[in-house]
Amino acid sequence: MAKMLCTGGAGFIGSNFVRLVLETTDDHVTVLDALTYAGHRESLSDLDPKRVTFVHGSVTDADLVDELVGDHDVVVHFAAESHNDNSLNDPSPFIRTNIVGTFELLEAVRRHGRRYHHISTDEVYGDLELDDPQRFTETTPYNPSSPYSASKASSDLLVRAWVRSFGVQATLSNCSNNYGPRQHVEKFIPRQITNLIDGIHPRLYGAGLNVRDWIHVDDHNRAVLRIIEAGRIGETYLIGADGEMDNKSVIELILELMGEDRSAYDHVADRPGHDLRYAIDAAMLRRELGWEPHFKDFRSGLAATIDWYRANESWWRPMKEATEAKYAAAGH
């Protein structure tokens with residue numbers, strides 16, 4: 001049985017990862033989470049306390065990080081400020097958490113000789129033209145377009161430098177847009193679902209032609225676990241499920257699956273620097289590590305996600321009012 005430290009494990013992707021680890025391994029997991037707006041103790045409350053330990057704290061706390069890393073075998077770093085709109089309003093938390101926090105973890109991992117996996121995003125590569133036949137690969141140059149994606153690109157480069165300069169035993173993964181249970185209601189898909197549950201029209205940035213490459217959170221996390229088990233040290237793996245779809249089509253599909261007219265949505269002004277298209281080529285991950293997504297059909301994964309939000313209103317309801325008030329104040 002290994003001891004795993006999971007930063008950001010009370011957040012959307014992290015909490016689902018903790019569940020996967022408990023379901024598929026005998027490992028013990030310690031969750032380190034600052035419980036900012038996106039982290040929720042409720043996402044872990046039903047898990048076995050003998051196998052999950054929760055620590056409330058920040059990845060920027062050098063002493064705490066050093067103590068925890070020294071007591072674990074593997075570090076999986078999910079913790080991040082990760083919302084583009086928020087990064088445009090105030091970039092400073094993104095610099096502290098995503099860059100300084102990663103530095104503190106890398107230094108602790110280096111001191112204690114621990115295995116490290118770094119979670120990142122396809123947004124570090126910038127965007128593609130809508131009609132570009134290419135997709136992002138492990139050799140695509142970085143071209144971030146927001147404070148969020150720039151801070152994640154910076155953290156990726158730190159990991160690569162610590163591998164090369166200090167021999168840190170690390171792997172990296174850059175993933176496309178996740179969806180699924182326990183995602184904060186400010187994010188695109190859960191916001192539309194919960195609005196419809198409340199009888200409110202979904203809202204679409206601009207013309208809705210921006211394309212994202214969607215992957216169910218459980219498929220992302222299965223890939224991460226596979227990389228930790230068998231990935232080559234120092235390597236970057238791209239995780240995607242061939243789920244490209246423009247935002248307008250996503251909203252129309254949500255409306256259809258929830259029994260509404262596909263045109264029953266409102267347009268709002270587009271956000272600054274809104275990337276056009278993301279697209280992941282996950283061929284190396286599939287070829288080297290034998291990973292395949294379980295949800296090969298975006299429609300079925302989205303239907304399962306809608307069912308979860310309908311059945312778990314007690315989880316998302318407390319954060320919904322404050323989220324909508326914030327968007328209304330911003331004119332969205």
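This is a predicted model: local features need pLDDT of at least 70, side-chain atom pairs count only at pLDDT 80 or more; totals for chains, interfaces and linings use all residues.
Which residues does Leu-285 touch, not counting residues up to four places away in sequence?

View 1. Leaving aside residues up to four places away in sequence, Leu-285 touches Ala-223, Ile-227, Tyr-237, Leu-238, Ile-239, Gly-290 and Trp-291. Leu-285 also belongs to the largest nonpolar core, where it is listed with Phe-17, Val-18, Val-76, Phe-78, Val-224 and Ile-239 as touching the most other members.

**View 2. The largest nonpolar core, of 34 residues.** At least two residues of this core come from each of the strands β1 (3-7), β2 (28-33), β4 (74-77) and β10 (236-239), and likewise from each of the helices α1 (12-24), α7 (217-230) and α9 (283-289). The element that gives the most is α1, with seven residues.

**View 3. Another core, of 24 residues, lying apart from the largest one.** Its members include Leu-196, Leu-255, Tyr-265 and Ile-306.

**View 4. Cys-6, a buried cysteine.** The structure holds zero disulfides. For Cys-6, the closest cysteine sulfur is that of Cys-175, and because the two sulfurs are 15 Å apart, they are too far from each other for a bond. Cys-6 has a relative accessibility of 0% and therefore counts as buried.

**View 5. Cys-175, in no disulfide.** The cysteine sulfur nearest to that of Cys-175 belongs to Cys-6, at 15 Å. With 3% relative accessibility, Cys-175 counts as buried.

Key: Residues are numbered from 1 along each chain as its sequence is written. Side-chain values use heavy atoms; hydrogens and water are left out. A nonpolar core is a set of buried Ala, Val, Leu, Ile, Met, Phe, Trp, Tyr and Cys residues joined through side-chain atoms within 4.5 Å. Buried means under 20% relative accessible area, exposed over 50%, partly exposed in between (1.4 Å probe, protein chains only). Helices (H or I, at least four residues) and strands (E, at least two) are DSSP runs, numbered from the N terminus. Contact means heavy atoms within 4.5 Å. A disulfide is a pair of cysteine sulfur atoms within 2.5 Å.
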